[in-house]
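Please read the following explanation with the sequence and the model side by side.

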Amino acid sequence: MNLDAANSWQAYLAGEFEAPYMKALQLFLKQEKMNHKDIFPPEEQWFHALQATPLDSVKVVILGQDPYHQPGQAHGLSFSVKSGVKIPPSLLNIYKELESDLAIPRANHGCLESWAQQGVLLLNAVLTVEKSSAASHQGKGWEEFTDKVIEVVNKECEQVVFLLWGSYAQKKGAVIDEERHLVLRAPHPSPLAAYRGFFGCHHFSLANTYLLKEGRGEINWSLPDEKI
């Protein structure tokens, strides 16, 4: 359980894998597998958010909480599912806001890989989950690791847009230096909360306006339809 040595995160995160909390997390995950528990996403995708978006390319951070816990959904990017998988309700609401904000038609799939490749770090607070058991790996150590990821972005990057949707993400992002970065807050896009202010937040256009102003280049938020 480690990062690719060539990955630009490696210099800042390698030491975390020797920390006591990470050793305990590794032991927990090993025991879960020995007990024949199904863990999502697959192990090779636990760090996919970091692999898809190198540190030196980060422009936007979207914080999620846990991976999806049904088969075939999670692939290591917050809010994203693999192509061919039904679009989850929260992501559908993200698409609705994107359509309202920037007139971008809703994609026919839920894979946000192209965002990640443009510098959108799609980071969950917890990077694994047991099949059909939401939040089952909370409090096992992942939160400490992803706090470190946020700390690294906060200190090592300039003019990053943090999209903090919901109280959990807002609490986790409380350490961000708002003189150095843009922090945008809104309710969570879940069906239970989206109508309390997520719809109409205009985070996608606000992010692009800021990135252009800072000379960083905007994100192309459109997701071309795929053959499914």
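The model contains 11 salt bridges, a salt bridge being a side-chain nitrogen of Lys or Arg within 4 Å of a carboxyl oxygen of Asp or Glu. The model is a predicted one, in which local features need pLDDT of at least 70 and side-chain atom pairs count only at pLDDT 80 or more, while totals for chains, interfaces and linings use all residues. Residues are numbered from 1 along each chain as its sequence is written, and side-chain values use heavy atoms, with hydrogens and water left out.

One of the salt bridges joins Lys 23 to Glu 18, with N and O 3.4 Å apart. Burial is described by relative accessible area: buried means under 20%, exposed over 50%, and partly exposed in between (1.4 Å probe, protein chains only). Lys 23, at 40%, is therefore partly exposed, whereas Glu 18, at 56%, is exposed.

A second bridge connects Lys 148 with Glu 151, again with a closest N to O distance of 3.4 Å. Both residues belong to helix 6 and are 3 residues apart, about one turn of the helix; helices (H or I, at least four residues) and strands (E, at least two) are DSSP runs, numbered from the N terminus. Lys 148 is partly exposed because its relative accessible area is 21%, and Glu 151 is partly exposed at 30%.

The bridge between Arg 180 and Glu 158 has an N to O distance of 2.9 Å. Arg 180 lies in the loop between helix 7 (167-172) and strand 6 (182-186), and Glu 158 in the loop between helix 6 and strand 5, so this pair ties together parts that are 22 residues apart in sequence. Arg 180 is partly exposed at 24%, as is Glu 158 at 38%. Elsewhere, Glu 32, Lys 37 and Glu 130 are linked in a network of salt bridges.

Glu 16 is located in the loop between helix 1 (10-13) and helix 2 (20-34). Apart from residues up to four places away in sequence, Glu 16 touches Tyr 21, Met 22, Phe 145 and Lys 148, where contact means heavy atoms within 4.5 Å.

His 137 is another buried residue, with 1% relative accessibility, and lies in the loop between strand 4 (129-130) and helix 6. Its contacts beyond four places in sequence include Glu 32 and Glu 130. The C-alpha atoms of His 137 and Leu 25 are separated by 9.4 Å, although the two residues are 112 residues apart along the chain.

The interior can be followed through its nonpolar core, a set of buried Ala, Val, Leu, Ile, Met, Phe, Trp, Tyr and Cys residues joined through side-chain atoms within 4.5 Å. The largest such core has 73 residues, and those with the most contacts inside it include Ile 62, Trp 115, Phe 145 and Trp 221. Helix 6 (residues 142-156) provides the largest share of this core, 6 residues. Beyond four places in sequence, Ile 62 is in contact with residues including Phe 79, Trp 115, Trp 165 and Trp 221.

Aromatic rings also pair in this model, with a count of 14 pairs. Rings of Phe, Tyr and Trp (its six-membered ring) pair if their centres lie within 6.5 Å; planes under 30 degrees apart count as stacked, over 60 as edge-to-face and the rest as tilted. The rings of Trp 165 and Phe 204 are edge-to-face because their planes stand at 65 degrees, with centres 6.1 Å apart. This pair links distant parts of the chain, since Trp 165 is in strand 5 (residues 161-165) and Phe 204 in helix 8 (residues 203-213), 39 residues apart. Trp 165 is buried at 2%, and Phe 204 is buried at 0%. Both belong to one aromatic cluster, whose members also include Phe 79, Trp 115 and Trp 221.

In helix 8, the buried residues include His 203, Phe 204 and Tyr 210. Strand 2 (60-64), helix 4 (89-102), helix 5 (113-117), strand 5 and strand 6 are among the elements that cover the buried residues of this helix.
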